[in-house]
Amino acid sequence: MSKTIFLLNGPNLNLLGFREPEIYGYETLADVEKRCLVHAKTLGVTLDFRQSNHEGVLVDWIQEARGKADAIILNAGAYTHTSVAIHDALKAFDGYKMELHISDPKQRETFRHLSYVELASDSLIAGHGTDGYIMAIDDVMKNIA
Ligand code: CA2
């Protein structure tokens, strides 16, 4: 049966490509989404790609994934380092969970070293720029096959 992945993006990721290109690159989130959707199509997987600046909306989407998605790929942005609510929602999701980052937070300021998402995820891709999104889809597909 065909698989479904929710790829969720958190706060400020809608600014991709417009500011701080030295950290996050030049691609916009719309560019990344297009690339991911084309890639997902070649793999025959349904990809639901979303972004929100709101913690509760991300929690709602993680809950929505229960029963709808086989895996969640989550770049929770700064909520990665603050949100017990997102951690708890991920814990309640039975499918495969991957934490995704464009930069490598562990190589940045110390306040980015703690990840509540990591504590509830099966794997992590970080520090590969926006190519990490494609890597994440490939990696998840290997784990939910
Ligand atoms: O590296 C990542 O993917 C992050 O999740 C990005 C978050 C940051 O808080 C995490 O520590 C690591 C920030 C997203 C903000 O993205 C921007 C993009 C362009 C300009 C300004 C912010």
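**Chatting about a ligand and its surroundings**

Student: Hi! How many residues surround the ligand, and which are the closest?
Tutor: In this predicted model, the ligand is surrounded by 16 residues. The closest are N75, H81, H101, I102 and S103.

Student: What kinds of residues make up that shell, by class?
Tutor: The shell around the ligand has seven nonpolar residues, six polar ones and three charged ones.

Student: OK, and how far is N75 from an oxygen atom of the ligand?
Tutor: A polar atom in the side chain of N75 lies 2.8 Å from a ligand oxygen.

Student: What about the side chains of H81 and H101?
Tutor: For H81, a side-chain N or O atom is 2.7 Å from an oxygen atom of the ligand. For H101, an N or O atom of the side chain is 2.9 Å from an oxygen atom of the ligand.

Student: How much of the ligand does the protein bury?
Tutor: The ligand taken alone exposes 510 Å², and the protein buries 95% of that.

Student: Which pocket is the space taken by the ligand?
Tutor: That space is the largest pocket.

Student: New topic! How many aromatic pairs are there?
Tutor: The count comes to one aromatic pair. F49 and Y133 form it, and the pair is tilted. Their centres are 6.3 Å apart, with 35° between the planes.

Student: Where do F49 and Y133 lie?
Tutor: F49 is in strand β2 (residues 46-51), while Y133 is in helix α5 (residues 131-144), so the pair ties together parts that are 84 residues apart in sequence.

Student: Where in the chain is N12 found?
Tutor: N12 is in the loop between β1 (4-9) and α1 (21-24). E20 is also found in the loop between β1 and α1.

Methods: Residues are numbered from 1 along each chain as its sequence is written. This is a predicted model: local features need pLDDT of at least 70, side-chain atom pairs count only at pLDDT 80 or more; totals for chains, interfaces and linings use all residues. Side-chain values use heavy atoms; hydrogens and water are left out. A residue is near a molecule or strand if one of its heavy atoms lies within 4 Å of it. A polar contact is a pair of N or O atoms within 3.5 Å; within protein, one must be able to donate a hydrogen and the other to accept it, and residues adjacent in sequence count only if both atoms are side-chain atoms. Accessible areas come from the Shrake-Rupley method with a 1.4 Å probe; for residues, only the protein chains shown count as cover. On a 1 Å grid over the protein atoms alone, a cavity is a set of points where a 1.4 Å probe fits but cannot get out, and a pocket is an open set with protein on both sides within 12 Å along at least five of seven lines; lining residues have an atom within 4 Å of a point. A molecule sits in a cavity or pocket if more than half of its atoms lie within 2 Å of its grid points. Ala, Val, Leu, Ile, Met, Phe, Trp, Tyr, Cys and Pro count as nonpolar, Asp, Glu, Lys and Arg as charged, and the others, Gly among them, as polar. Rings of Phe, Tyr and Trp (its six-membered ring) pair if their centres lie within 6.5 Å; planes under 30 degrees apart count as stacked, over 60 as edge-to-face and the rest as tilted. Helices (H or I, at least four residues) and strands (E, at least two) are DSSP runs, numbered from the N terminus.
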